[in-house]
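Please walk through the model below, beginning with a surface feature and then turning to the chain as a whole and to some local details.

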Amino acid sequence: MKHFISKNRLISLSAVLLLLLIWKVISLIYGSEQILPSPEKTLVTVIKVFTRPDFWPSMLITIGRGLIGFAVSIVLALLTGIPAGRKHTIFLMINPLLVTIRSTPVISLILLAVIWFGNNWVPVFIAILTMYPVITLNIIEGIKNVDPGLVEMGKIYGIPANRITREIAIPSIL
């Protein structure tokens with residue numbers, strides 16, 4: 001018979017319990033629920049929030065906005081990443097943009113996003129800012145790392161470059 005609780009699970013459970021104990025002790029030291037609420041107070045508040053009637057509809061709307069941002073990021077990343085992966089010159093042209101987006105703290109752009117787009121579209125904008133550079137760089141690397149033998153075979157058989165990209169490179173990055 002297998003043991004239900006393995007040594008690894010026991011260690012993980014012990015670590016969680018230790019963190020909860022440390023949290024409780026620190027909250028007692030501060031003695032202020034506003035600065036650091038206790039774990040049990042936090043749990044009660046989380047349960048109250050999750051059981052509010054407007055929580056789940058709001059959560060679904062937020063998830064939807066995040067998915068819209070993800071979809072837009074994928075489309076933009078495909079449109080810029082594939083050409084940049086094929087031509088080093090194009091990569092050199094978009095790399096400064098990617099570096100700038102990745103190095104700018106998102107928190108510094110949230111207020112501007114509220115002014116530019118209003119509250120409803122801020123999550124979409126932030127999702128695009130955080131996902132677009134990562135997805136683009138992965139697509140670029142995927143295109144660069146396509147099996148050269150397959151590309152060479154396509155060239156030998158006289159297949160146009162755009163068809164090699166569409167039928168060899170793009171499936172390779174998926």
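Helix H5 is the largest contributor to the nonpolar patch, giving six residues. This is a predicted model. The patch lies on the surface and consists of Ile-68, Val-72, Val-75, Leu-76, Leu-79, Leu-111, Leu-112, Val-114, Ile-115, Trp-116, Phe-117 and Trp-121, which together have about 1100 Å² of accessible area. Two elements give two or more residues each to this patch: helix H3, spanning 55-86, and helix H5, spanning 107-117.

Ile-68 is located in helix H3. Is Ile-68 buried, partly exposed or exposed? Its relative accessibility is 38%, and the partly exposed class lies between under 20% for buried and over 50% for exposed. Ile-68 therefore counts as partly exposed.

Next comes the chain as a whole. Its secondary structure comprises eight helices and zero strands, so that, read from the N terminus, the order of elements is α-α-α-α-α-α-α-α. The radius of gyration is 24 Å, whereas the globule rule gives 16 Å for 174 residues; because the value is well over that figure, the chain is more spread out than a compact globule. Along the principal axes, the C-alpha atoms fill a box of roughly 75 × 60 × 30 Å.

Of the 174 residues, 22% count as buried. The chain exposes about 12700 Å², and 71% of this area is supplied by carbon and sulfur atoms. Among contacts in the chain with a separation of 6 or more, 62% are accounted for by residues 24 or more positions apart.

Two local sites remain. The loop between helix H1 (7-30) and helix H2 (39-50) contains Ser-32. Why does Ser-32 count as buried? Its relative accessibility is 18%, and buried means under 20%, so Ser-32 falls in that class. Apart from neighbours within four places in sequence, Ser-32 is in contact with Ser-27 and Pro-37.

The other site is at helix H7, which covers residues 148-156. At the start of H7, a side-chain oxygen of Asp-147 comes to within 3.1 Å of the backbone nitrogen of Gly-149. After H7 comes Gly-158, which has a positive phi, near 75°.

Definitions and conventions: Residues are numbered from 1 along each chain as its sequence is written. This is a predicted model: local features need pLDDT of at least 70, side-chain atom pairs count only at pLDDT 80 or more; totals for chains, interfaces and linings use all residues. Side-chain values use heavy atoms; hydrogens and water are left out. Patches are made of residues with over 30% relative accessible area and no salt bridge: like charges are joined within 9 Å, nonpolar side chains (Val, Leu, Ile, Met, Phe, Trp, Tyr) within 5 Å. Accessible areas come from the Shrake-Rupley method with a 1.4 Å probe; for residues, only the protein chains shown count as cover. A salt bridge is a side-chain nitrogen of Lys or Arg within 4 Å of a carboxyl oxygen of Asp or Glu. Helices (H or I, at least four residues) and strands (E, at least two) are DSSP runs, numbered from the N terminus. Buried means under 20% relative accessible area, exposed over 50%, partly exposed in between (1.4 Å probe, protein chains only). The radius of gyration is taken over C-alpha atoms; the globule rule is 2.2 Å times the number of residues to the power 0.38. Contact means heavy atoms within 4.5 Å. A polar contact is a pair of N or O atoms within 3.5 Å; within protein, one must be able to donate a hydrogen and the other to accept it, and residues adjacent in sequence count only if both atoms are side-chain atoms.
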